[in-house]
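Please read the points below beside the coordinates.

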Amino acid sequence: AGYATSGTLIAGGTITVTDAISKIAAANANLQISFAKGYDERPVSRTFKKGISGRVNGRKVDNIRVDAEWKSGTSGKIQVQSGSGKRGYDLDIYMEVTDINSKQDIINWVTTHPQLKGLKSGELQKVIDGMWRAYQSIPK
């Protein structure tokens with residue numbers, strides 16, 4: 001649940017653990033406490049569609065995927081990406097969740113985005129379906 005480093009106690013876990021640590025700190029005025037962010041406060045990221053292929057900026061790309069990343073509530077973004085961190089991204093675009101009110105908003109965004117113009121209609125439909133599934137899964 002925690003560890004001490006030169007007079008600083010770093011803890012994570014439930015409120016019960018942190019309450020107990022606070023009582024220990026109150027008894028020992030020299031002890032400083034740092035509470036790490038809880039898991040529930042971190043952004044959540046999930047892939048909703050992968051295996052999409054098409055041309056991006058004139059180059060054939062086979063590993064396009066749709067991801068969603070959100071924090072608490074409905075704030076977050078739905079991303080269309082390819083590549084990875086080390087190799088770089090051939091495609092890395094996103095739509096804010098707050099800009100979506102219906103599936104039509106996603107359709108309009110996908111069909112007019114310049115970086116997605118090289119995808120055939122079937123692949124565009126996969127992006128739309130993945131983005132819609134991602135949007136529906138975000139906690140409201």
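1. A nonpolar core here is a set of buried Ala, Val, Leu, Ile, Met, Phe, Trp, Tyr and Cys residues joined through side-chain atoms within 4.5 Å. The model is a predicted one. Its largest nonpolar core has 27 residues, and the members that touch the most others are Ile 78, Val 80, Val 110, Leu 116 and Met 131. Two or more residues each come from β4, β5 (59-70), β6 (76-84), β7 (88-96), α2 (103-112) and α3 (121-137). The largest share, six residues, is given by α3. As background, nonpolar side chains in soluble globular proteins tend to be buried together.

2. Which residues does Val 80 contact, leaving aside its neighbours within four places in sequence? They are Ile 64, Arg 65, Leu 91, Asp 92, Ile 93, Trp 109, Leu 116, Val 127 and Met 131.

3. The length of α3 agrees with expectation: at 1.5 Å a residue its 17 residues should span 24 Å, and its end C-alpha atoms are 24 Å apart. Buried in α3 are Glu 123, Leu 124, Val 127, Ile 128, Gly 130, Met 131, Ala 134 and Tyr 135. These residues lie on the same side of α3, because the arc they cover around the axis is only 165 degrees.

4. The structure contains five salt bridges. One of them joins the side chains of Arg 59 and Asp 90, at 3.0 Å from N to O. This pair links distant parts of the chain, with Arg 59 in strand β5 and Asp 90 in strand β7, 31 residues apart. Asp 90 counts as buried because its relative accessibility is 18%, under the 20% cut-off. Arg 59, at a relative accessible area of 49%, is partly exposed.

5. Lys 60 and Asp 62 also meet through their side chains in a salt bridge, again with an N to O distance of 3.0 Å. Lys 60 is exposed at 55% relative accessibility, while Asp 62 is partly exposed at 49%.

6. Ser 45 sits in strand β4 (residues 44-56). Beyond its neighbours within four places in sequence, Ser 45 contacts Ala 68 and Glu 69. Lys 71 is 26 residues from Ser 45 in sequence, with 9.0 Å between their C-alpha atoms.

Terms used. Residues numbered from 1 in each chain as written. Predicted model: local features only at pLDDT ≥ 70, side-chain atom pairs only at ≥ 80, totals over all residues. Heavy atoms only, no water. Helix = DSSP H or I, 4+ residues; strand = E, 2+ residues; numbered from the N terminus. Contact = heavy atoms within 4.5 Å. Buried < 20%, exposed > 50% of the residue type's maximum accessible area, 1.4 Å probe, protein only. Expected span 1.5 Å × (residues − 1). Arc of directions from axis to C-beta. Salt bridge = Lys/Arg side-chain N within 4 Å of Asp/Glu carboxyl O.
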